[in-house]
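Work through the exercises below with the structure open beside you. Try each task before you read its solution.

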Amino acid sequence: MSHSPYLRESRSVRQIMLQVLLALLPGIVAYVWQFGAGVLIQLLLASTAALAAEAAMLRLRRKPLGLYLGDLSAIVTAWLIALSLPPIGPWWMVVLATLCAIVVAKHLYGGLGQNPFNPAMVAFCVMIVAFPAQMSQWPDAGLDFGQQLDLILGGERVLDAITAATPLDALRTGLRAGGAEAHVAEILQGAAFGTVGGRGWEWVVAGFALGGLYLLWQRIISWHLPAAFLLTMALTATLLWGMHPERFASPLLHLATGGTMLAAFFIVTDPVSGSTTPKGKLVFAGGAAFIAYMIRSFGNYPDGIAFAVLLMNICVPLIDMYTQPPVFGHKRGSS
Amino acid sequence: MLQKLFKFHGGVKPDSRKQDSTRQPIRSLPLPSELIVPLHQSIGGTPRPLVRVGDRVLKGERIGAAEGPVSAAVHAPSSGIVRAIEDRTMPHPSGLPASCVVIEADGDDRWFEREPVPWKSMKGDELRDYLRDAGIVGLGGATFPSHVKLRAGAKPTHTLVLNGAECEPFITCDDMLMRERAAEIIRGAGIMAQMLAVERVLIGIEDNKPDALAAMRAAAADGIEVVAIPTLYPAGGEKQLLRVLTGVEVAAGRRPLEFGLQCFNVGTAYRMARAIDHAEPLISRIVTVAGNVEAPANYEVLVGTPIDALLAAGRPRPDTDRVLMGGPMMGFALPTTAAPVVKATNCVLAGSPSLLPPPPPEMACIRCGTCADHCPVDLQPFELYWFGRSHNFGKAQEYHLFDCIECGCCSYVCPSNIPLVDYFRFTKSEIWARERDKTAADLARERFEARNERQEREKRDKAERLAAKAEATRKKLVDTEPVAGAGTASPAEEAKKALIAAALERAKQQKSSVKPRNTDNLSADKQAEIDEIEARRARAGGRTVEPPENS
């Protein structure tokens with residue numbers, strides 16, 4: 001016999017995940033428009049690998065296949081991986097990354113809802129540590145779909161002809177190469193850069209931001225996470241840029257390049273591995289943005305969001321413990 | 001003046017479904033042939049029966065007297081004969097039986113002799129005792145005896161709040177009462193206000209009840225303010241309503257009275273007025289019959305009426321698969337509809353698979369926090385769920401599990417369809433069970449320690465007694481033989497010697513007083529017989545000592 005409440009009016013996990021996928025579409029459309037359809041192949045590969053891995057793991061763990069396969073959470077993870085990896089990466093890379101996320105980061109920790117680390121970010125970190133060369137090959141804007149497909153399927157990689165540096169990569173290389181005389185303003189004149197961010201990337205970033213606003217409007221994510229992430233990123237960047245404009249890029253560039261928007265609306269907003277209290281969300285997302293900026297500007301990797309998110313994932317239990325909101329009847333002044 | 005309103009956190013907005021049962025005026029039911037009146041119908045002590053099987057009772061006659069400071073009397077709802085005082089199934093989720101007075105109605109419905117109540121000249125305690133004996137209890141669901149709440153606290157009570165929020169879907173008994181009997185509710189509120197000497201009276205009604213609001217506003221006297229509050233479940237929760245109307249957040253584990261507030265249901269105020277003006281004890285109440293029925297409506301129902309009879313008046317549809325008491329958010333499925341209507345029964349809701357669909361399969365919690373967003377007590381239900389599941393009961397209490405009011409908002413919104421409230425009920429009962437076990441263990445340990453203590457003490461006392469006795473003996477011996485061996489030994493050694501001598505003397509006496517053995521005094525032929533046996537035994541070479549082997 002069931003007990004009260006006898007009424008329910010909830011959005012199912014499946015509906016939530018579906019809306020997240022929907023929110024990713026504007027960014028994907030901009031991606032295809034600016035960089036070619038290679039990313040669609042990556043999305044397809046990742047989705048297939050994710051579903052296969054999810055099904056296999058559910059079978060192994062003797063969980064109801066239909067119930068959990070249909071929740072679409074594996075597809076969300078797959079899409080985030082495909083969008084984080086270079087679109088012309090070889091097919092096995094995205095498949096390996098997805099398996100890593102679903103099998104290791106998700107199911108070995110107990111499946112949906114149990115993983116302490118963001119699965120997509122675990123996969124990204126494993127890939128960038130294991131295959132740094134392939135992870136830095138991004139397509140030149142002139143590359144057509146046939147060529148991209150050829151590269152994904154394992155074609156010969158004549159790097160100079162096909163790849164271009166990402167804006168953050170170009171910035172880093174420029175600063176290193178220029179030594180003491182290097183100036184950010186000069187580097188930004190390079191081919192990799194557009195009006196505010198990376199050339200072409202500006203549109204993709206805008207697409208992700210648009211999707212993010214949709215999620216906010218639908219109340220799937222709370223404002224705390226993107227707001228804290230973007231603000232911390234902007235404030236940290238403003239501080240250093242204000243002191244040394246020749247060594248550090250402007251906050252606008254930091255917001256409009258790399259994974260900033262994707263992270264702010266789709267990565268740090270993962271409920272499972274993130275903080276859950278309102279204050280905790282601010283600390284979690286703010287901390288992730290700060291660490292990401294530090295790795296970008298002082299570390300050895302062009303972008304540090306994945307590492308930053310994983311580092312903050314570790315802190316979640318602590319953050320949550322110290323940021324519990326006051327309970328009704330236990331607030332100050334109510335005794 | 002426009003009343004400034006406050007907010008409580010969270011809440012949900014389920015479809016109110018109140019239209020169907022408010023199209024008809026409050027109806028009455030035909031008198032049932034049998035009335036089952038449970039003795040225990042309020043929080044607190046179980047009333048002791050005042051009638052015996054076979055007694056004739058009149059309508060309104062007291063049949064159970066309040067027992068203890070928190071208790072309220074129960075009355076015969078109609079005239080008739082007491083047929084039994086026995087256990088009957090209660091309208092409670094447990095389905096457990098409890099003691100009931102079963103009255104066979106004679107159909108006359110003849111009233112007990114009623115006298116006007118001179119309440120203005122009655123002293124506070126006198127009036128409270130009268131209300132206790134009239135069986136007035138809170139009709140909002142908790143059935144707390146009202147007279148206990150009508151005593152001024154240490155601090156003066158400044159505001160009386162009447163709860164007409166009625167936030168649960170389907171339930172409309174308060175709505176209809178306010179529409180039809182507003183004047184008497186206001187009258188009851190006035191009496192309560194006078195008893196508590198409050199400065200103002202606020203009546204909170206959700207704004208989805210415009211007719212009730214209009215009726216109450218028209219009836220409201222000076223100093224009584226009828227306030228429309230936003231429709232948001234659970235605005236009818238006592239602490240939530242007080243928060244909305246006054247901004248005061250009644251602290252956990254404290255009573256509103258400590259904050260100068262007191263809160264009653266509008267139905268309770270109505271019964272107050274009936275008890276004072278008509279000397280009418282609480283023998284009936286308004287009950288909504290709704291849900292999967294052809295004729296949803298409100299009925300004035302005698303307490304003790306079998307729920308079957310009430311439900312039949314609403315004509316349940318054939319696909320009715322269960323009957324709830326209360327609303328869909330906090331009500332419970334009745335174990336049997338043979339159970340009687342009690343003072344706490346506000347709604348009888350017929351359910352069907354389409355009206356109250358079975359919950360979809362439960363999935364894993366994704367910590368999305370939707371439950372926390374909707375919790376009116378600012379709890380983190382998903383954390384409590386994890387703690388409960390992992391039997392981490394200490395942590396669950398630390399995260400204020402016991403502040404949960406079980407309103408059901410968290411279960412209502414959970415995307416993973418987790419029956420969170422069920423988990424909390426389970427965790428609470430586990431903790432209670434453990435506390436009980438712990439109390440029992442503590443008691444056992446205390447008993448054990450007390451026993452050890454006592455044994456130790458007895459041992460100590462005995463040793464002291466013996467020492468004292470020995471001392472006395474020694475003194476006596478020293479006193480009686482003061483010169484023996486004087487000068488050759490110290491007095492202590494002398495005393496020791498004397499003690500030994502005394503002991504030896506005692507032993508000698510004991511030995512000489514031992515009875516003779518039965519072989520000491522034998523006749524000659526008996527002795528010869530024994531000698532012969534001994535000789536035979538010697539010849540056998542001791543083999544007879546061992547029993548023969550079994551082979």
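This is a predicted model: local features need pLDDT of at least 70, side-chain atom pairs count only at pLDDT 80 or more; totals for chains, interfaces and linings use all residues.

**Exercise 1. Is strand S12 of chain B largely enclosed or open, and why?**

Step 1. Count the buried residues, those with 20 or more other C-beta atoms within 10 Å of their own. In strand S12 (residues 261-265) of chain B, five of the five residues are buried, so the strand is largely enclosed by the rest of the structure.

Step 2. Sort them by face. Leu261(B), Cys263(B) and Asn265(B) are on one side, and Gln262(B) and Phe264(B) are on the other. Both faces are covered. In a regular strand the side chains alternate between the two faces of the sheet.

Step 3. Find a partner. Strand S9 (residues 159-164) of chain B runs parallel to S12(B), joined by five bridges. Leu162(B) stands opposite Phe264(B) in this pairing.

**Exercise 2. Where are Ala197(B) and His391(B), and are they buried or exposed?**

Step 1. Check the backbone angles. Ala197(B) has a positive phi of about 55°, although it is not a glycine. His391(B) also has a positive phi of about 55° and is not a glycine.

Step 2. Locate them. Ala197(B) is in the loop between helix H4 (182-196) and strand S10 (200-206) of chain B. His391(B) is in the loop between helix H10 (381-389) and helix H11 (393-398) of chain B.

Step 3. Apply the cut-off for exposed: 12 or fewer C-beta neighbours within 10 Å. Ala197(B) has 11, so it counts as exposed. His391(B) has 12, so it counts as exposed.

**Exercise 3. Which residues does a cis peptide bond join in chain A and in chain B?**

Step 1. In chain A, the cis bond joins Ser4(A) and Pro5(A), with omega about -5°. Pro5(A) is in the segment before helix H1 (13-35) of chain A.

Step 2. In chain B, a cis bond joins Tyr233(B) and Pro234(B), with omega about 0°. Pro234(B) is in the loop between strand S11 (224-229) and helix H6 (238-246) of chain B.

**Exercise 4. How many residues of domain 1 of chain A are in contact with domain 2 of chain A?**

Step 1. The domain assignment of chain A gives domain 1 (10-164) and domain 2 (166-321). Their centres, taken over C-alpha atoms, are 20 Å apart.

Step 2. Read the contact. It takes 32 residues of domain 1 and 29 residues of domain 2.

Step 3. Look at the domain 1 side. H1, helix H4 (73-84) and helix H6 (119-130) of chain A each give two or more residues to it. H1(A) gives the most, with 14 residues.

Step 4. Sort that side by class. It has 24 nonpolar, eight polar and no charged residues.

**Exercise 5. At what angle do the axes of H13(A) and H16(A) cross?**

Step 1. Take helix H13 (residues 224-243) and helix H16 (residues 278-298) of chain A. Their axes come within 7 Å and cross at roughly 40°. The crossing is right-handed.

Step 2. Pick out the contact. Among its residues are Phe229(A) and Met233(A) of H13(A), and Leu282(A) and Phe290(A) of H16(A).

Step 3. Class the residues of this contact. There are 13 nonpolar, five polar and one charged.

Conventions. Residues are numbered from 1 along each chain as its sequence is written. Chains are lettered from A and ligands numbered from 1 in the order in which they are written. Helices (H or I, at least four residues) and strands (E, at least two) are DSSP runs, numbered from the N terminus. Axes are lines fitted to C-alpha atoms, for helices over the stretch in contact, and angles run from 0 to 180 degrees between N-to-C directions. A crossing is left-handed if the near helix is turned anticlockwise from the far one by less than a right angle, and right-handed if clockwise. Two residues are in contact if their C-beta atoms, placed from the backbone, lie within 7 Å. Ala, Val, Leu, Ile, Met, Phe, Trp, Tyr, Cys and Pro count as nonpolar, Asp, Glu, Lys and Arg as charged, and the others, Gly among them, as polar. Two strands pair if DSSP finds at least two bridges between them. Domain bounds come from an automatic or database domain assignment.
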